[in-house]
Amino acid sequence: MKKGFMEEFKEFIMRGNVLNLAVGVIIGGAFQAIVNSLVNDIIMPLVSLITGGLDFTNWFISLDGSKYATLAAAQEAGAATLNYGVFITAIINFIIMAFVIFMVVKSFNKLAASKEEEAAPTTKECPFCKSEIAIEATRCPHCTSELS
């Protein structure tokens, strides 16, 4: 029997991986706001302090040939600009976000590996006599059956 469009859509949307992806996208958006704030409000002012007041956001090239003091002034005048300072800030945001995600994933992997090590069984059940035997056993010590 052929499923209707709405039934197929409902089945698709109710899959666990689709819901997990939706949650991931929403959390990723919120996480991006946190990283952007970290970069713009904490890291970039420190970089500016270290570099003697350097402000990446005002690094731009005006394509109309005029000189503007700031990017905001150029945009207010309606000038087309190449905003390479904003691009540098975006690259810094990406590197920081990638590093933070790497650290989170690394922590989860370490936690998962420690749980796997703790949960790794050391015994198994003989399929013939149902006795508990060592996991590496190839022959049951109770009934002497060969194990595969």
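This is a predicted model: local features need pLDDT of at least 70, side-chain atom pairs count only at pLDDT 80 or more; totals for chains, interfaces and linings use all residues.
Residues are numbered from 1 along each chain as its sequence is written, and side-chain values use heavy atoms, with hydrogens and water left out. Local features need pLDDT of at least 70 and side-chain atom pairs count only at pLDDT 80 or more, while totals for chains, interfaces and linings use all residues.

Q: Why is Ser62 called buried?
A: Buried means under 20% relative accessible area, exposed over 50%, and partly exposed in between (1.4 Å probe, protein chains only). Ser62 has 15% relative accessibility, so Ser62 counts as buried.

Q: Where is Ser62 placed?
A: Ser62 is in strand β1, residues 61–62. Strands (E, at least two residues) and helices (H or I, at least four) are DSSP runs, numbered from the N terminus.

Q: What makes a polar contact with the side chain of Ser62?
A: The side chain of Asp64 does, at 2.5 Å. A polar contact is a pair of N or O atoms within 3.5 Å; within protein, one must be able to donate a hydrogen and the other to accept it, and residues adjacent in sequence count only if both atoms are side-chain atoms.

Q: Which residues make up the largest nonpolar core?
A: The 6 residues are Val35, Val39, Met44, Phe56, Ile96 and Met97. Helix α2 gives the most, with 3 residues. A nonpolar core is a set of buried Ala, Val, Leu, Ile, Met, Phe, Trp, Tyr and Cys residues joined through side-chain atoms within 4.5 Å.
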